Amino acid sequence: MEEPPRRRRRPALSCFACRRRKIKCDRANPCARCVSTNTRCTYRVYSHDGAAVPVRAHGDGAELTALSPRTSPLVQTPATDGNIPSTGQSHHLPAPGMCEAAPAAPEAGYSNGIGDNGIPSPSSRQEVGSDFRDLSQRIRKLEALSASSLVHGLGETGRHILARQAGLRDSATTLKKTRLLRWSDWMGTAPEFQYVYRCFEAARGGSELAKLQSNETKVLIMEIDDLYKKCKRIARDLKANRPSRCISSPRPSLEPPPRMIADLMVSLYFQCFEPVHRILHRPSFEAEYQGFWEHPEGVPISQRLKILLVIGIGSCLRDEAGPDSELRGRVQQWIYTAQAWLSGPLEKDRLDVEGLQIHCLAMLARQIFSIGGDLVWMSMGSLIHRAMQIGLHRDPKHLPSMSLLQAEIRRRLWYTILELLVQSSLDSAMPPRINFEDFDTENPSNNDDDEIDESTTTLQPRPREVYTSNATQLLLIDSLPTRLRIVQLLNGLHSELAYPDVLSLSSEIMRACQACSKFTADNRRAGVTAFQRNMCDYLVRRFLIPLHCPFACQAPANPLFHYSQKVTLDAGLAFLSPEPDDYFSRLMATGGGMYKEGIRCATSAVTLELLVQAQAQRSDGTFQTSTRQLDVLKQAVNEISTLSWERIRQGETNIKGPMFLCIVLVLADSVDRDALCEFTMARNARDSLVLCHHILETRAKAIPLLSSNDGSLASSSFDGDQGDMGLDLSFDFFFPNGNGW
């Protein structure tokens with residue numbers, strides 16, 4: 001019996017994706033549904049004789065590329081590589097439903113996908129396989145989106161705003177003193193600070209000076225200029241005594257202080273710094289330290305430098321004599337000598353574990369004493385290369401047999417180098433130059449130093465919840481992948497920063513901070529000090545402000561980024577209100593490098609929030625009735641001012657920071673920002689300079705000063721962070737290039 005003729009189906013005008021999802025298709029090219037879901041939009045156009053021709057859309061406004069029935073289904077678009085010739089034929093068709101496609105001679109079995117023998121044709125199987133792969137890929141994307149996206153459900157406008165932001169913007173690629181702007185500088189370019197810039201511009205005699213109406217204000221501006229020049233003159237004389245400024249400096253003294261003082265400094269180092277940055281094995285160091293005092297003439301230079309650096313680092317917490325004391329000067333000479341020893345001709349005694357220990361101690365000391373602390377990232381490149389040259393990036397189990405003690409020291413030292421590298425990358429806004437695929441070194445064990453020596457053959461690690469001398473480093477290692485990812489996204493040349501990624505990374509940092517807090521609270525009686533708790537929290541939490549910085553600056557104009565504004569403010573306030581501890585407070589008042597950069601970021605975040613909140617309350621009429629939140633922020637700014645003056649007492653010579661903060665407070669107190677009290681702003685700026693001049697003058701009277709023109713160098717490679725436009729709370733992003741300030 002002859003089969004009845006097959007009834008022709010009504011041609012489908014919707015795209016394949018909308019037909020599968022059983023939703024309405026607008027038949028555009030491509031359709032709106034496929035654009036919103038980022039799905040390939042493909043149509044099937046029927047000719048007059050019923051032959052089906054698949055047609056694919058290529059984005060908005062693109063032409064449709066149809067497959068000829070005689071063309072292999074594998075070849076759907078022309079080859080884009082000029083070296084590979086295209087084997088398919090392309091036909092440009094209008095959108096489906098607008099007009100009919102050009103008729104094509106159908107090939108047998110192509111119209112319905114079934115051959116003459118009843119077996120699906122290869123083209124039909126290929127089409128089904130392609131549809132299945134597309135559907136599987138789409139399901140995976142939707143699952144990942146629902147699991148990770150924190151902005152799911154926003155409208156198209158919101159998704160567009162939160163889509164992508166370059167990690168390194170072209171607008172942020174600006175040179176300041178031959179260096180790229182850092183994240184704390186970049187936040188300071190917010191428009192809310194432009195009023196502060198106007199005051200600085202007037203104070204230095206710029207174009208804003210002519211706009212001042214009051215003669216009294218102009219007199220104050222003249223006093224400000226005179227005081228500023230006096231302060232800079234004293235600062236140059238103070239810096240003339242630095243070891244790097246002397247053309248023909250005498251041979252540096254490598255003699256330690258008296259034994260009693262040295263013992264105290266070594267004890268402070270192991271109590272505060274060594275639990276965080278694992279560099280030394282304490283029993284081994286104590287044996288060397290004892291031999292150093294018994295036979296000082298037979299101690300090699302590498303061992304002497306290591307001992308002197310430990311003494312010097314510990315002295316930063318107990319040197320009550322001030323920044324210009326004899327001990328501080330000797331410590332600076334030791335640091336310069338160690339740096340010169342490391343930079344000299346590479347000998348075998350420098351390319352070993354002891355040489356790396358000296359290098360790590362020198363990097364730490366340079367940041368503590370602000371000796372090129374903002375240039376540490378460059379030196380860290382040499383340190384990481386030396387470490388990899390001697391195999392620290394490979395786990396000891398892959399290396400020739402060594403003692404258990406040496407293997408453990410190598411693991412600890414490697415992760416200390418990574419910690420210093422990540423911190424310096426964040427401070428300098430430069431890439432870390434290492435990935436987790438570049439090393440396979442395992443985590444060090446959770447054991448105290450006295451549990452292991454050269455004779456140890458087996459070592460049973462303690463549980464992670466038990467406090468040991470290595471527990472703090474392990475806490476930092478837990479968050480190291482997240483922090484390394486952050487600096488790669490922030491500082492990578494071609495990286496893109498998505499706001500959902502920011503929220504995800506921020507949550508991981510928050511969890512790491514909570515883990516540190518819980519562990520230290522549970523082991524308070526086991527020996528965890530307040531210094532260690534503050535330091536561990538500081539080294540992890542400080543990544544939040546640069547991470548949210550690009551979005552927090554947009555929060556006043558875009559409420560979607562209000563969370564970033566809150567995170568940066570909370571982190572800044574946390575830096576300014578740590579757990580009370582004299583040692584940590586002293587480090588924040590004297591330290592440079594990573595210790596100083598965190599305070600600069602906190603200052604930018606808090607002052608920006610103060611100005612934004614003040615303006616918002618002026619706009620809604622609650623400026624004079626609801627003052628509680630503003631009072632908290634003003635108190636925080638006052639604390640920063642106190643800290644900046646203390647830093648000047650402890651050795652800093654930059655005086656623009658306190659002046660900036662005084663002007664910010666005046667702006668925040670002004671009822672009408674457009675009618676600012678010029679006289680009050682100038683008076684507060686003058687008062688801050690009077691105090692700074694008094695502090696510098698007191699320091700100058702305490703030491704014999706050399707003239708800045710006698711036997712001194714014009715600049716120093718290690719004094720970049722305390723120069724004329726010093727980076728400590730200096731806010732140089734307010735000043736145009738070439739000004740006299």
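Leu356, His359, Cys360, Met363, Arg366 and Gln367 of helix 12 are in contact with Val376, Ser379, Met380, Ser382, Leu383, Arg386 and Ala387 of helix 13, where contact means heavy atoms within 4.5 Å. By class, this contact is made up of 7 nonpolar, 4 polar and 2 charged residues. In this classification Ala, Val, Leu, Ile, Met, Phe, Trp, Tyr, Cys and Pro count as nonpolar, Asp, Glu, Lys and Arg as charged, and the others, Gly among them, as polar. The model is predicted, so that local features need pLDDT of at least 70 and side-chain atom pairs count only at pLDDT 80 or more, while totals for chains, interfaces and linings use all residues. Residues are numbered from 1 along each chain as its sequence is written, and side-chain values use heavy atoms, with hydrogens and water left out.

The axes of helix 12 (residues 353-368) and helix 13 (residues 376-389) come within 10 Å and cross at roughly 165 degrees. Axes are lines fitted to C-alpha atoms, for helices over the stretch in contact, and angles run from 0 to 180 degrees between N-to-C directions. Helix 12 and helix 13 are therefore roughly antiparallel; angles over 145 degrees count as roughly antiparallel, under 35 as roughly parallel, 65 to 115 as roughly perpendicular and the rest as oblique. The crossing of helix 12 with helix 13 is left-handed, a term used if the near helix is turned anticlockwise from the far one by less than a right angle, with right-handed used if clockwise.

Tyr499, Leu503, Ser506 and Met510 in helix 17 meet Tyr563, Ser564 and Val567 in helix 20. This contact of helix 17 with helix 20 comprises 5 nonpolar and 2 polar residues, with no charged residues. Helix 17 and helix 20 also pass each other in a left-handed crossing.

The chain as a whole contains 25 helices and 8 strands. Helices (H or I, at least four residues) and strands (E, at least two) are DSSP runs, numbered from the N terminus. Of the 741 residues, 53% count as buried; buried means under 20% relative accessible area, exposed over 50%, and partly exposed in between (1.4 Å probe, protein chains only). Among contacts with a separation of 6 or more, 75% join residues 24 or more positions apart.

In helix 21 (residues 582-590), the buried residues are Phe584, Arg586, Leu587, Met588, Ala589 and Thr590. Their cover includes helix 8 (259-273), helix 11 (326-343), helix 12, helix 18 (530-541), helix 22 (594-620) and helix 23 (628-649). The N-terminal end of helix 21 is capped by aspartate 581, a side-chain oxygen of which lies 3.3 Å from the backbone nitrogen of tyrosine 583.

Arginine 533 belongs to helix 18 and is buried, at 12% relative accessibility. Beyond its neighbours within four places in sequence, arginine 533 contacts Thr520, Arg524, Val528 and Glu579. Serine 479 is located in the loop between helix 15 (471-478) and helix 16 (480-491). With a relative accessible area of 3%, serine 479 is buried, and it touches Ala512 and Val540 when residues up to four places away in sequence are not counted.

Threonine 622, in the loop between helix 22 and helix 23, is partly exposed, with a relative accessible area of 25%. Its side chain makes a polar contact with the side chain of aspartate 620 at 2.6 Å. A polar contact is a pair of N or O atoms within 3.5 Å; within protein, one must be able to donate a hydrogen and the other to accept it, and residues adjacent in sequence count only if both atoms are side-chain atoms.

Backbone features were also identified in two loops. The loop between helix 1 (16-21) and helix 2 (32-37) holds proline 30, which a cis peptide bond joins to asparagine 29, with omega about -5 degrees. Arginine 27 lies in the loop between helix 1 and helix 2; its phi is near 65 degrees, a positive value in a residue other than glycine. At 39% relative accessibility, arginine 27 is partly exposed. Asparagine 38, in the loop between helix 2 and strand 1 (42-46), has a positive phi near 55 degrees and is exposed, with a relative accessible area of 62%.
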